[in-house]
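Dear colleague,

Please read them alongside the coordinates.

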Amino acid sequence: MTGFFSRLLRRLVLAATAGLLLVSGGAQAQTGYTQTRYPVVLVHGLFGFDSALGIDYFYGIPDALRQGGAKVYVAQVSAANSTEVRGEQLLAQVKTILAITGAAKVNLVGHSHGGPTTRYVAGVAPQLVASVTSIGGVNRGSRVADILRGVAPAGSVSEAVANAAAKALVGLINLTSGGTGLPQMPTAALDSLTTAGSAKFNSRFPQGVPTSGCGNGAELVNGVRYYSWTGTQPLTNVLDASDGLLSVLSLTFGEANDGLVSACSSRLGKHLGDYRQNHLDEVNQLLGLRDWFSTDPVTLYRQHANRLKQQGL
């Protein structure tokens with residue numbers, strides 16, 4: 001019996017040791033998983049911010065990428081302004097990041113209005129950009145923006161009222177995020193996000209925009225790689241207070257959408273997938289509340305950073 005217990009103990013020790021080695025090997029394999037060649041720059045959308053009251057716009061995402069080895073910067077551009085104004089602000093920050101890091105290029109990742117904003121930088125300075133990734137990007141306009149512009153036409157009283165309300169919201173955002181020095185023009189932002197405004201922008205910056213209704217665009221243009229993904233499920237978590245509004249707004253589309261942008265409008269370059277996420281889930285908001293049976297948004301960002309790493313970017 002002593003020999004039996006001795007052999008059993010030896011086997012248990014060997015099994016435990018093998019398990020520890022396996023776990024150690026798995027952790028070792030994850031080291032550098034998101035370590036891209038070039039820095040990652042995250043760019044917020046309309047009414048966005050870098051961090052407000054200690055809460056990241058890209059909730060939990062910068063830290064997750066950094067833990068895997070990526071150098072991550074979160075841009076702060078005007079919460080509400082035209083794509084071109086925001087794009088110039090981003091371009092200045094990109095140049096600063098390159099000067100600080102000594103890198104030759106950056107990987108730009110934009111959400112919502114951040115999509116066209118990153119495309120502007122890639123369009124005017126492709127030599128500084130390794131890749132552009134648009135997540136729920138307003139690349140061919142939003143039906144919601146079209147309706148708002150119809151309700152509040154240029155020069156109308158309703159436009160003045162809406163503009164004042166939007167500026168008040170932006171003021172609150174800036175007060176909590178430190179973006180008070182940036183120019184704000186909500187009506188310019190609205191015009192940029194309409195179908196007509198997006199078409200005008202795309203005539204100047206067509207890189208990566210699909211030529212067919214809901215297809216893929218060119219993946220590689222002027223040395224820049226273009227990618228996109230989006231959500232197509234407006235209601236994902238009944239505990240999330242924002243889901244109700246997004247669900248109502250989604251009814252204006254008549255096609256797959258995330259509550260603010262149609263799936264087809266969001267496509268840019270190589271499309272990486274549609275997910276059970278709404279417009280805020282795409283940046284892991286509100287505070288990580290999402291469809292618990294769908295892919296974790298943070299995982300998508302980590303996987304994409306690894307994709308960029310494998311591409312040598």
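The accessible surface of the chain comes to about 14,200 Å², with 62% of it belonging to carbon and sulfur atoms; accessible areas come from the Shrake-Rupley method with a 1.4 Å probe, and for residues only the protein chains shown count as cover. This is a predicted model, in which local features need pLDDT of at least 70 and side-chain atom pairs count only at pLDDT 80 or more, while totals for chains, interfaces and linings use all residues. Residues are numbered from 1 along each chain as its sequence is written, and side-chain values use heavy atoms, with hydrogens and water left out.

Of the 313 residues in the chain, 51% are buried (under 20% relative accessible area; exposed is over 50%, and partly exposed lies in between, with a 1.4 Å probe and protein chains only). The chain has 10 helices and nine strands, which are DSSP runs numbered from the N terminus (helices H or I, at least four residues; strands E, at least two).

Leu-239, in the loop between β8 (224–231) and α9 (243–250), counts as exposed because its relative accessibility is 59%.

Best regards
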